[in-house]
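Please open the model in your viewer and keep the selection tool at hand.

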Amino acid sequence: MRDLTTGPIASTLLLFALPALGSNVLQSINGSINAVWIGQLVGETGLAATANANLIMFMMFALIFGFGMASTIIIGQSAGKGDWDGVRQGVGTGVTLFFALGVIATVAGWYTAPALLHMLGTPDDVYPQALIYLRVMYLGLPTSLLTVFFSMAMRGAGDSLTPMLLLLPGMVVDIVMNPILISGMGPFPELGIMGAGLATLVANFVSFVVMLAVIYGRDLPIRLRGQEFRYLLPRRELVMIIVSKGIPMGLQMVVMSGSALVMLGLVNREGTDTVAAYGAVNQLWTYIQMPAMAIGMAASAMAAQNIGAGKWDRINRIAIAGVMVNLCLTGVIVAVTLIFDGFLLQLFLPRHPEAIAIAEHIGLLASWAFILMGVTMVLSSITRANGATMVPLIIMVLAYIPGRLGSIYGLQGAIGADAIWWSFPIGGALSLIMTAAYYLQGSWRNIRLLATIEEAEEFVQSEAEPTGRILPNG
């Protein structure tokens with residue numbers, strides 16, 4: 001576990017972010033290889049089906065992730081204070097919440113999948129495969145959510161390397177099993193798109209088992225032993241913190257994914273070629289976003305630990321370092337992707353020159369917006385590390401609904417489908433301006449997140465006295 005409260009800012013941030021970036025690379029390579037298998041073995045409709053299903057899965061993850069991020073902030077601030085018992089209390093409560101929500105989401109998702117796909121306007125030739133793939137993916141939600149939570153908990157406690165290494169076993173299983181189950185090899189029948197979903201299901205379970213084995217085999221600080229298993233019974237105090245902070249953070253992702261769902265519905269109206277092109281270019285955008293996601297995660301973990309340790313003098317330096325690294329890395333990846341997009345898109349859309357041409361056009365108009373989004377992600381990650389959740393939610397609502405979606409409807413009559421792609425930089429610019437203003441204004445620094453059970457108990461005991469409250473609204 002790395003102590004993020006001492007030493008030089010930029011190099012510590014970069015060294016902590018590199019394994020997180022590696023995790024994003026591995027996950028993206030895994031998803032891209034699977035997309036290649038689906039594109040090659042199932043065809044264009046299979047790729048379009050996974051684009052529709054994956055967006056709905058992200059929607060299901062969204063609100064649940066908010067609770068995970070809130071738990072991680074508690075873990076990070078507790079680790080910054082050296083309060084390892086507080087870390088384990090955050091882990092115990094988070095595990096129970098994630099598992100329960102995963103089961104609920106699985107059941108609800110199974111029965112609502114047809115309605116969600118119809119709501120998206122999924123093309124008739126894509127719908128049957130999308131439904132099969134989506135329902136199989138739902139079955140793996142409980143274990144995949146717990147795997148993600150343990151990874152987040154380790155990073156919050158200062159370890160970004162172990163989560164990256166633990167991705168490898170599941171990744172190998174997923175890549176190997178995809179062509180076997182899709183095409184039918186050896187004793188396995190040909191399952192088509194269902195095989196792709198089953199391969200991911202098995203891989204997620206393998207990752208979960210391996211992660212538990214490593215956590216307990218290495219006796220990592222986030223493990224529970226003996227009397228600590230009582231922390232799996234959620235305590236009112238911690239649940240209040242996680243829910244009050246997690247819901248706004250989850251709603252940010254709901255707004256983001258809801259906007260993406262509406263956008264995919266608009267894309268679906270343009271026909272199967274455009275849907276397939278959008279799915280393929282999204283694979284490239286996954287790589288473009290990786291530095292922003294990694295640096296944002298690292299900045300959040302560093303900020304949480306430094307806030308917990310009371311080292312506020314380091315926070316602005318963390319923000320500056322994160323922004324500069326993001327500008328460099330994201331800018332380079334955007335340039336490389338645009339230069340080689342023709343070759344890269346061939347991997348996902350073989351023998352479909354019309355779809356490739358559409359995808360190249362989408363990338364040219366929209367890819368550079370992720371440079372703006374990367375800066376926004378760093379600043380918002382730091383404010384959230386102190387429990388500031390409501391203002392970032394309002395900013396995202398404004399940027400995505402009247403900003404991004406409003407620009408589509410406002411420009412579509414003049415420039416047609418290009419309005420969809422121009423909405424990315426428009427929404428990104430609005431979000432950056434508002435987030436930077438909020439960060440510089442500084443009121444988020446006055447928020448205090450409860451990071452130890454002793455403080456939580458003090459809050460509950462003083463709840464009847466307005467002057468005794470120490471849990472602000474954020």
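Is Gln129 buried or exposed? Gln129 is buried, with a relative accessible area of 18%; buried means under 20% relative accessible area, exposed over 50%, and partly exposed in between (1.4 Å probe, protein chains only). This is a predicted model, in which local features need pLDDT of at least 70 and side-chain atom pairs count only at pLDDT 80 or more, while totals for chains, interfaces and linings use all residues. Residues are numbered from 1 along each chain as its sequence is written, and side-chain values use heavy atoms, with hydrogens and water left out.

Keep Gln129 selected and display helix H4 (residues 127-139), where Gln129 is placed; helices are DSSP runs (H or I, at least four residues), numbered from the N terminus. Leaving aside neighbours within four places in sequence, the contacts of Gln129 are Val42, Thr45, Gly46, Ala49 and Ile193, a contact being heavy atoms within 4.5 Å.

Next, select Val91, Phe150, Ile222, Tyr278 and Trp285, the residues with the most contacts inside the largest nonpolar core, which has 89 residues. Such a core is a set of buried Ala, Val, Leu, Ile, Met, Phe, Trp, Tyr and Cys residues joined through side-chain atoms within 4.5 Å. Helix H2 (residues 44-81) supplies the largest share of this core, 16 residues. A second, separate core of 31 residues includes Ala299, Ile382, Tyr439 and Ile447.

Now centre the view on Phe150. Beyond its neighbours within four places in sequence, Phe150 touches Val91, Val95, Phe208, Met211, Leu212, Ile215 and Ile222. Of these contacts, select Leu212, which is found in helix H8 and is partly exposed at 28% relative accessibility.

Move on to Asp219, in the loop between helix H8 (193-217) and helix H9 (236-268). The phi of Asp219 is near 55°, a positive value in a residue other than glycine. Most residues other than glycine have a negative phi. Asp219 counts as partly exposed, at 40% relative accessibility.

Finally, select helix H11 (residues 315-339) and helix H14 (residues 369-384), whose axes come within 9 Å and cross at roughly 160°. The axes are lines fitted to C-alpha atoms over the stretch in contact, and angles run from 0 to 180 degrees between N-to-C directions. H11 and H14 are therefore roughly antiparallel to each other, the term for angles over 145 degrees. Residues making the contact include Gly322 and Asn326 of H11 and Gly374 and Val378 of H14.

Methods: Helices (H or I, at least four residues) and strands (E, at least two) are DSSP runs, numbered from the N terminus. Angles under 35 degrees count as roughly parallel, over 145 as roughly antiparallel, 65 to 115 as roughly perpendicular and the rest as oblique.
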